Amino acid sequence: MNMQIENLLDSEKLIPELRDIAKAVIDQKRITVDQGIFLFDHAPLSYLGVLANYIREKRHGDHTYFNRNFHIEPTNVCLYSCTFCSYSRLIKKRSDGWEYTMEEILDLVKKYDGQPVTEVHIVGGVLPQYDVKFYAELFEKIKNHRPDLHIKALTPVEYHYIFKKEKISYEKGMQLMVEAGLDSMPGGGAEIFDEKIRDEIAGGKCNSDQWLEIHKILHGLGKRSNATMLYGHIESFGHRVDHLERLRNLQDETGGFQTFIPLKFRNKENEMAHVPESNVIEDLRNYAISRIYLDNFNHIKAYWPMIGRDTAQLSLAFGVDDLDGTIDDTTKIYSMAGSEEQTPSLSTEDLVKLIRAVHRKPVERDTLYNVVTDFTDIEFEDDKHYKGYVSLPVVNN
Ligand code: V47
Ligand code: SF4
């Protein structure tokens, strides 16, 4: 057991409920829904940090993962009207948005020829011209052009829409997509699973059961996916724990989720501008409780363009072990919604330094978490500040 956990358990101030939760974590027992809600309601940030960091370090030590990827958003116009999304409003003024053709998307892929990226992340608005035929052809063409590029594309929101339009089952549709070249599915579109809240903020698109079903089918085809949760809007702590519980249950069945990504609600340029955003304390608490609750998820990711570099660094002490990628791209869904990073781009060197600055060990991974390069002992020429980097000494007191 590490010193911080021992100190935590020895503390006379620790109330019995929190002591029980800490003991459960140490004994590798999962916590209940009620205990999850209790953590949101009552646990101090420092307690959550110690516990989440204990789990994080047990699983990954100081290793902190990132990948080299780029995003393509085929369109920023969407026929759905999620109230939190800055894309939905553009349907009325389509001339203000973009709707890429197949060739334009392929040109974006070709821009990265010769660059050491391992993944393309494709997700955007939902429009009728982007149908089964379009996406199957797109995936095939990307694979023909660059077979080594991992295609992480679309969410159950798009799949539900295009399969319904094509009048084919989810099983048949996902099979077709995988045959065309789909390698994995990103975690978007999950929002919040509670039916009432989901209806209020994301009515009309695939419902929670359908979201989970499509992931289950993909996992059954031997592919992996991610999961997200949009938090900090009109949901309660109970809704968050319900969301985590449904993910934990599906993961028990399939084991197909790789990483969980909490997405902080941003309130610019959308219909929920009146809803205040969560603060950094809330964000860190949410990362930590996600780490504690999801005992069957291997990774917790902080999406740095959304929360900014400082909070991303802090999150590494609150259960997070993955910072997504060295994004350099056309991602607009977050910058339009008021994310911290208006032009999200970080070089590998920047990301490595950012991770080292908080005494963690940067590891470049591919989408499936195979190690591409372990940067722990790799120094950059001008990296004077970080030469002689060593782990923080353990303080015994
Ligand atoms: O589903 C939209 C969210 C998601 C806002 O799997 C917003 O590796 C906050 O899922 N405030 C798409 N969030 C992004 C996504 C993602 C991102 C990075 C990595 C991965 C992965 C997945 O963005 C949407 C929605 O939940 N979103 N608008 C907003 N105003
Ligand atoms: Fe469309 Fe997705 Fe935005 Fe909803 S969140 S409006 S489905 S792009």
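**Second largest pocket**

The lining of the second largest pocket divides into five nonpolar, one polar and six charged residues. In these classes Ala, Val, Leu, Ile, Met, Phe, Trp, Tyr, Cys and Pro are nonpolar, Asp, Glu, Lys and Arg are charged, and the others, Gly among them, are polar. This is a predicted model, in which local features need pLDDT of at least 70 and side-chain atom pairs pLDDT 80 or more, while totals for chains, interfaces and linings use all residues. Residues are numbered from 1 along each chain as its sequence is written, chains are lettered from A and ligands numbered from 1 in the order written, and side-chain values use heavy atoms, without hydrogens and water.

Select V25, Q28, K29, R30, I31, Y54, I55, K58, R59, R291, I292 and D295 to show this lining. Two or more of its residues come from each of α4 (45-60) and α12 (280-293); α4 gives the largest share, four residues. Helices (H or I, at least four residues) and strands (E, at least two) are DSSP runs, numbered from the N terminus. The pocket volume is about 240 Å³.

A pocket is an open set of points on a 1 Å grid over the protein atoms alone, with protein on both sides within 12 Å along at least five of seven lines; in a cavity a 1.4 Å probe fits but cannot get out, and lining residues have an atom within 4 Å of a point. Points are joined across faces, edges and corners, and a volume is the space filled by probe spheres set on them.

**Second largest cavity**

Next select E119, K152, N226, Q258, T259, K301, R365, T367 and Y369, which line the second largest cavity. Its space is about 40 Å³, and its lining has one nonpolar, four polar and four charged residues.

**Helix α6**

Move to residues 132-145, helix α6. Buried here (under 20% relative accessible area, 1.4 Å probe, protein chains only) are V132, F134, Y135, A136, L138, F139, I142 and K143. These pack (heavy atoms within 4.5 Å) against α5, β3, β4, α7 and α8.

**Ligand 2**

Around ligand 2 (a heavy atom within 4 Å), select C78, Y80, C82, F84, C85, Y87, S88, G125, V157 and K205. The shell has seven nonpolar, two polar and one charged residues.

**F375**

Finish at F375, in the segment after β11 (371-374). Why does F375 count as buried? Its relative accessibility is 6%. Its contacts, leaving out residues up to four places away in sequence, include F66, R68 and E364. F375 and E364 are eleven residues apart in sequence and 7.4 Å apart in space, C-alpha to C-alpha.

Conventions. The expected span of a helix is 1.5 Å times one less than its number of residues. Buried means under 20% relative accessible area, exposed over 50%, partly exposed in between (1.4 Å probe, protein chains only).
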